[in-house]
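Here is a short briefing on one protein model. Look at the structure first, then read the points below.

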Amino acid sequence: MRKNRLLYGVLAMISLLATLFSTACKDTDEDKTFEPKPITGISAMFDESLGYYNEHASVFTENSERYVYYTKNKTKNEDKSEYIAVRKATQSGGKWTLGDAKVALDVSNSGWDSVKVFQADVIKGAFKLNGENYSYLMAYAGTDSETSRKGAQIGLAVAKSAQGPFVKVSDNPFITWSSNDYSQYGELITNGVCEPSLINYNGSSQVILFYSLFYIYAFLYIFT
């Protein structure tokens, strides 16, 4: 009987130690992945873990809500794949409070924007796609290259909510790029079209789209 009690006691102690060890070593996913970024100037709009970059911010404000779109890498400390993230902010007492990041636009399964989508800009208007009405239009750059953003082209997407999800207008880019298209500038300096910027100049569906030719030349495209 004493042997059984001793055995039960030993087993209970082992179980307790295992539980304590497990509790001490267990972290949440956020604890494992979140690393604060050093702040050297004014405070950032929101906190995101070190290893995830936040680029090409585009801010859209409507009534008492604000939406911040930006480029974010999918995997920590890697830049092989990118998507468009959005954070919704609400205003109270003159202060904006930003929510968690959500996916506004992701890469396609295949094709020209299947690896990276980035540099998004969003406007409000009245747009129709396949018989459905949409209130928001996004222009974005994309590429199928893992090594860089060279060869980027520009696509369009629409949504019924400013937070998305955004639906791509076509499987093909709206503004295409080829080194031969811009041969008058010399092929060595033409490496894609990017940095789209939208203006709705009639408040409905007439839109001006500005974009850059690999950060060197600016172009203007008007469509309705």
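Ile 199 sits in strand S10, residues 193-200. Strands (E, at least two residues) and helices (H or I, at least four) are DSSP runs, numbered from the N terminus. This is a predicted model: local features need pLDDT of at least 70, side-chain atom pairs count only at pLDDT 80 or more, and totals for chains, interfaces and linings use all residues. Residues are numbered from 1 along each chain as its sequence is written, and side-chain values use heavy atoms, leaving out hydrogens and water.

**Ile 199 and its patch**
- Ile 199 is partly exposed, because its relative accessibility is 40% (buried is under 20%, exposed over 50%, partly exposed in between; 1.4 Å probe, protein chains only).
- Together with Tyr 201 and Phe 210, Ile 199 makes a nonpolar surface patch of about 270 Å² accessible area.
- Patch residues have over 30% relative accessible area and no salt bridge, with nonpolar side chains (Val, Leu, Ile, Met, Phe, Trp, Tyr) joined within 5 Å and like charges within 9 Å.
- A salt bridge puts a side-chain nitrogen of Lys or Arg within 4 Å of a carboxyl oxygen of Asp or Glu.
- Areas follow the Shrake-Rupley method with a 1.4 Å probe; for residues, only the protein chains shown count as cover.

**Val 169**
- Val 169 lies in the loop between strand S9 (167-168) and S10.
- Beyond neighbours within four places in sequence, Val 169 contacts Leu 129, Leu 156, Ala 157 and Val 158 (heavy atoms within 4.5 Å).

**Whole protein**
- The protein has two helices and 12 strands.
- Of its 224 residues, 37% are buried.
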